[in-house]
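Trainee: I would like to learn how to read a model like this one. Can we go through it feature by feature?

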Amino acid sequence: MNVRTLPLLLFAVMLCGFTSEQTLPDPAQEARAQGLFREIRCVVCEGQSVAESNVALAADMRGLIRAFIREGKSDAEVKEYLVARYGEEILFSPPVTTGTALLWAAPFMLLLFGLARFAIKRR
Amino acid sequence: MSKNVSRFAPFGVFVFVVAALASLLLTPKEALTPAAKTLPPFSLTTVEGKGTLTNADITRPSLIHVAASWCASCKLDHPKLMQLKSEGLPIYGVLWKDTPEAARVWLEREGNPYRKVAMDDGRFAIDVGLTGTPETLLVDASGGILLHVRGALSDVALEEIKDRLK
């Protein structure tokens, strides 16, 4: 084995780790799946999406999302399915509802308040 | 007066925001409120390999305990489940990501609080909004999920279960 084949061999072995999961044969569908994975929170690992998480539950969710895409479900239908079972917290960007309106508004409110105070002081 | 107001206003805004956000956080009882409100149609193979656990098995308010032989904290539920079993509450076990062999050994060693125990490879878990093991569902005969306890059964959870069964 010459000096060039070893790195190539190691690279090939590394790629095997990434291809152990069954991806969708249609690249457009797989791209949709990957997009959805990034929007769905891993319910086991704080802060990670199911795209990033290694745990069994995240792998199951990826498999289920892929199956739904194959069946012809839209992105909205996939999200609706998971939200019905896990609540809105499973989405990384929870929709604006009366309950979450304060969460969305608070940073802007505080910023406006700070700017107003600054403006008043300058006068 | 206005000088004092402007000095303390940021703190006041802070207190208001914290209080408002705190009211959105779950209280212990609200933490038991399930997201998934109904059981999916399910048919899971029992640990013996021959029978099935399905929606039809649930004919009155019962517990579905999702656990696994490899799950350390599931042991914490065991004595509580045996107690509830002795009081007549039907308890069904769903073993998540487990094998029948390991399950049988586990049940023989620890004791069996379940009327029926079945295996789930993952779909049932997602359909009831599982986030780990152990989790306990209080379900009724029409397939409604009344309570969803995440993690081992706490005293608050046990009390809430007993309240709902009255």
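Trainee: How many helices and strands are there in chain B?

Mentor: Conventions come before the count. This is a predicted model, where local features need pLDDT of at least 70, side-chain atom pairs count only at pLDDT 80 or more, and totals for chains, interfaces and linings use all residues. Residues are numbered from 1 along each chain as its sequence is written, chains are lettered from A and ligands numbered from 1 in the order in which they are written, and side-chain values use heavy atoms, with hydrogens and water left out. Helices (H or I, at least four residues) and strands (E, at least two) are DSSP runs, numbered from the N terminus. Chain B has five helices and seven strands. Their order from the N terminus is α-β-β-β-α-β-α-β-α-β-β-α.

Trainee: Why is chain B described as more spread out than a compact globule?

Mentor: Compare the radius of gyration, taken over C-alpha atoms, with the globule rule: 2.2 Å times the number of residues to the power 0.38. For the 166 residues of chain B the rule gives 15 Å; the radius is 21 Å, well over that, so the chain is more spread out. Its C-alpha trace spans about 80 × 30 × 30 Å along the principal axes.

Trainee: What area do chain B and chain A bury between them?

Mentor: Buried area is the accessible area (1.4 Å probe) that two parts lose on being put together, summed over both. Here that is about 1700 Å², 71% of it on carbon and sulfur atoms.

Trainee: How many salt bridges cross the interface of chain B and chain A?

Mentor: The rule wants a side-chain nitrogen of Lys or Arg within 4 Å of a carboxyl oxygen of Asp or Glu. It finds two. One of them pairs Arg85(A) with Asp127(B), closest N and O atoms 3.1 Å apart.
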